[in-house]
Amino acid sequence: MRGGQETGPSSDDMALSRVYQEVTREQEARFAAGYDLAAGLDRYRTWLREGGEPPEWSADLAVIELYSAHYRSLVRLAAVLVRDTPTAEEVVQDAFIAMHDGWQRLKDSEKALAYLRQAVVNRSRSVLRHRLVVERNPQKPPPDMPSAEHGALTLLERSAVIAALRDLPGRQREAIVLRYYADLSEAEIAAAMKISRGAVKSHTARGMAALRAALEQES
Amino acid sequence: MGDAKISPRDAAELEACFAAHARDLFGFACALVRGDRALADDLVQSAFEAAARAWPTLRGLAEQQRQGWLRSTLANIAVSGFRRDAALTRRLPMIEVRYRQIPDDPPDRAFSSIALERCWRIIEGMPKRQYTAALLRWRLDMKEADIAAVLGIAENTVSAMLYRVRRTLITQLGPDHPFMGNDAEGAAS
């Protein structure tokens, strides 16, 4: 092959990927065959019996785990609130970093998830507030064209429901998104939005009525 | 705080999950850490400890998704051990990438097991950091910039290491290295 090329072309990369995929697959199977399952299971069983939760569940690992499990659903949630995916990703990453910093106070994944949701909602709100200020400033065109190339949401963004959702007042939109999109319970929504359950009910009901009206008008 | 006991029902389910997936996961871990079985054992244990904490979510998943979760969690734990001191902020986006991209479907079997075995000997014999960088690049599909961040080294260094790995494979395998023929246009000159 050619001599002094430092960064290989992607075809080269693809070929190497294939080699690596196949080589490691073969080796994984070989290593797996030599595994002492009984010993591993024994060790795990002992750990389970002794009550789990090792002290070294560090903030780092916790964040990584929560990130793997919830990143995308939180981005979707934020994206519906702030209406564009790159901003939504920023909002969610900020929330994770804040959670990482405050890990000493949380220390458990249920609480951490509630915290993350609330942080995402709060941060989305401040993004919207900031945007409102920018939009009132006449020099700039309103930045409400979502960048379409962000796969996850494009499908949704096309739908009439999302369009109608965007026209709802902020609190109603939040309540509906959390209820029907993020699938939270009334109590969880109340916690995430820092309002009472009664207020959640009324926001949801009024939002739904407005949505219904908007969609009927359209069809 | 840290003393939440695992219920007997969950413990039984977790044991079943361990019995079903530990072997596969151990193989995956061994390849990640260049055949260090003791370390692989610890990684498997850590992944299942994580599974116990995430069990409320995991128990609802299909077997295959659960396997995917275990593999990516294990890779995350292994990689966070590789890293020297990359800031968390820089690691977050690639953790997601890694999570998404760990490939599950075997490509069509194209190379003979003899060729694969020879490849493995060469790969296995590489210096540790080259081994790790190459594996992150071509097994876990990470970008060079992300690998640099995880390993706490400069991106140029990563490029140079990957280049060396490529050269090593090509020179040591000689004329019949398996990625030459598939790729006549891109690779031949």
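Me: Which residues of α7(B) meet α8(B), and what makes this a contact?
Reply: In this predicted model, Thr132(B), Ala133(B), Leu136(B) and Arg137(B) of α7(B) meet Glu144(B), Ile147(B) and Leu151(B) of α8(B), where a contact requires heavy atoms within 4.5 Å. The residues of this contact divide into four nonpolar, one polar and two charged.

Me: Why are α7(B) and α8(B) called oblique to each other?
Reply: The axes of α7 (residues 128–138) and α8 (residues 144–151) of chain B come within 10 Å and cross at roughly 135°. Angles over 145 degrees count as roughly antiparallel and those from 65 to 115 as roughly perpendicular, and α7(B) and α8(B) are therefore oblique to each other.

Me: What is the handedness of the crossing of α7(B) and α8(B)?
Reply: The crossing of α7(B) and α8(B) is right-handed.

Me: How do you know whether Cys30(B) is buried or exposed?
Reply: The relative accessible area of Cys30(B) is 0%, so Cys30(B) is buried. Of the 189 residues of chain B, 53% count as buried.

Me: How many helices and strands does chain B have?
Reply: Chain B has ten helices and zero strands.

Technical notes:
Residues are numbered from 1 along each chain as its sequence is written. Chains are lettered from A and ligands numbered from 1 in the order in which they are written. This is a predicted model: local features need pLDDT of at least 70, side-chain atom pairs count only at pLDDT 80 or more; totals for chains, interfaces and linings use all residues. Side-chain values use heavy atoms; hydrogens and water are left out. Buried means under 20% relative accessible area, exposed over 50%, partly exposed in between (1.4 Å probe, protein chains only). Axes are lines fitted to C-alpha atoms, for helices over the stretch in contact, and angles run from 0 to 180 degrees between N-to-C directions. Helices (H or I, at least four residues) and strands (E, at least two) are DSSP runs, numbered from the N terminus. Angles under 35 degrees count as roughly parallel, over 145 as roughly antiparallel, 65 to 115 as roughly perpendicular and the rest as oblique. A crossing is left-handed if the near helix is turned anticlockwise from the far one by less than a right angle, and right-handed if clockwise. Ala, Val, Leu, Ile, Met, Phe, Trp, Tyr, Cys and Pro count as nonpolar, Asp, Glu, Lys and Arg as charged, and the others, Gly among them, as polar.
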